[in-house]
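Me: Could we go through this model together, beginning with the ligand site?

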Amino acid sequence: MLDDGLSPMAGGTDLLVPGRKAAGRGVALLEGLPGLDGVAMTAQGLRLGALASLAALERHPVIRERLPVLAQAIACLGSPLIRNMGTMGGNLVTASPAGDTLPALLVLEAVVELASRDGRRHLPVAEFLLGPGRTALGPGEIVAAVRIALPPPGASQHFEKVGRRDALAIAVASLAALIVRDEAGRVVEARLAVGSLAPTARRCPSAEAALPGRRLDREALLEAGRRIRDEISPKGDLRATAAYRREMAGRLPLRLLTLA
Ligand SMILES: Cc1cc2nc3c(=O)[nH]c(=O)nc-3n(C[C@H](O)[C@H](O)[C@H](O)COP(=O)(O)OP(=O)(O)OC[C@H]3O[C@@H](n4cnc5c(N)ncnc54)[C@H](O)[C@@H]3O)c2cc1C
């Protein structure tokens, strides 16, 4: 689909920042290519076009109602200007450990639809993200869409971001959660993913395993937090030390008390 050596450009909010990958390379505008925009309901769930703006996704009624963890993550990404120009495809391919949509996409078990001259293939988002700034995108391939099966209507969802200020902040740590409970309030399934605490956003399977059969009380959430601390590998940078990130990571699940 793309000539080698060209950088695909969606909103340009990352690509055009001086010093980024596009420096010295040609740019291929994706705008106008068919099948990359809009949100469509399919038999398997929602298909979010890679070029749909973050602002359009945040406003979408089905996303707000059925994928609130994604709407909440987008609401705290950058600023209104960034959300108007920036896209989901761009956030995925940037593959920042702090990318705000990524923990949400992980708990929603989103699948990335990749397109090239040779056809299409699909990869779970966890397999698409390989490391900081590294993805499974092959030569000449672009992200066409993200596919998400709708979670059960009663599933509780939450996104929490810790930054150095309330707006226009890159995450120091973040947590996305999707929790299914039975009628008695006991957890049936827990999906937890963190951002800015490892080389990529990642699920925390040991912390997830701490919750089924229990209520979302302080004790259970602190246990999940202890396990998250064991699963992450935070680094220090100009925003926070590794020790602060580890401390914060253990406390993030307490925010889920609001769901209880
Ligand atoms: C001031 C500022 C604040 C920001 N704040 C945040 C923040 O709080 N949280 C956050 O997560 N991010 C933040 N960002 C980063 C950026 O805005 C987001 O990652 C955004 O989603 C990028 O989308 P885009 O469409 O602008 O991508 P682009 O800049 O167009 O592209 C980004 C990368 O993805 C590639 N690409 C884009 N679309 C595709 C596609 N469909 N297929 C293949 N490759 C593709 C490009 O080649 C490039 O490598 C911020 C950026 C700025 C400038």
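**Ligand shell and sheets**

Reply: Helix H5 contributes the largest share of the shell around the ligand, 5 residues. Helices (H or I, at least four residues) and strands (E, at least two) are DSSP runs, numbered from the N terminus. The model is predicted: local features need pLDDT of at least 70, side-chain atom pairs count only at pLDDT 80 or more, and totals for chains, interfaces and linings use all residues. Residues are numbered from 1 along each chain as its sequence is written.

Me: Which residues come nearest to the ligand?
Reply: Ala 10, Gly 11, Gly 89, Gly 90 and Asn 91, of the 32 residues around the ligand. A residue counts as near if its C-beta atom, placed from the backbone, lies within 6 Å of the molecule.

Me: Which elements each supply at least two residues of the shell?
Reply: Strand S1 (6-9), helix H4 (80-85), helix H5 (88-94) and strand S9 (142-148).

Me: On to the open sheet: what is its strand order?
Reply: The order of the 5 strands is S3-S4-S9-S5-S6, with antiparallel pairing; two strands pair if DSSP finds at least two bridges between them. Strands S3 (39-42) and S6 (119-124) are the edges, each pairing on one side only.

Me: How many bridges join S5 to S9?
Reply: Strand S5 (residues 111-116) is joined to S9 by 5 bridges. Ala 115 has Ile 142 in S9 as its bridge partner.

Me: And what does S10 pair with?
Reply: S10 pairs with strand S11 (residues 173-181) in the antiparallel sense, over 7 bridges. Glu 160 stands opposite Leu 175 in S11.
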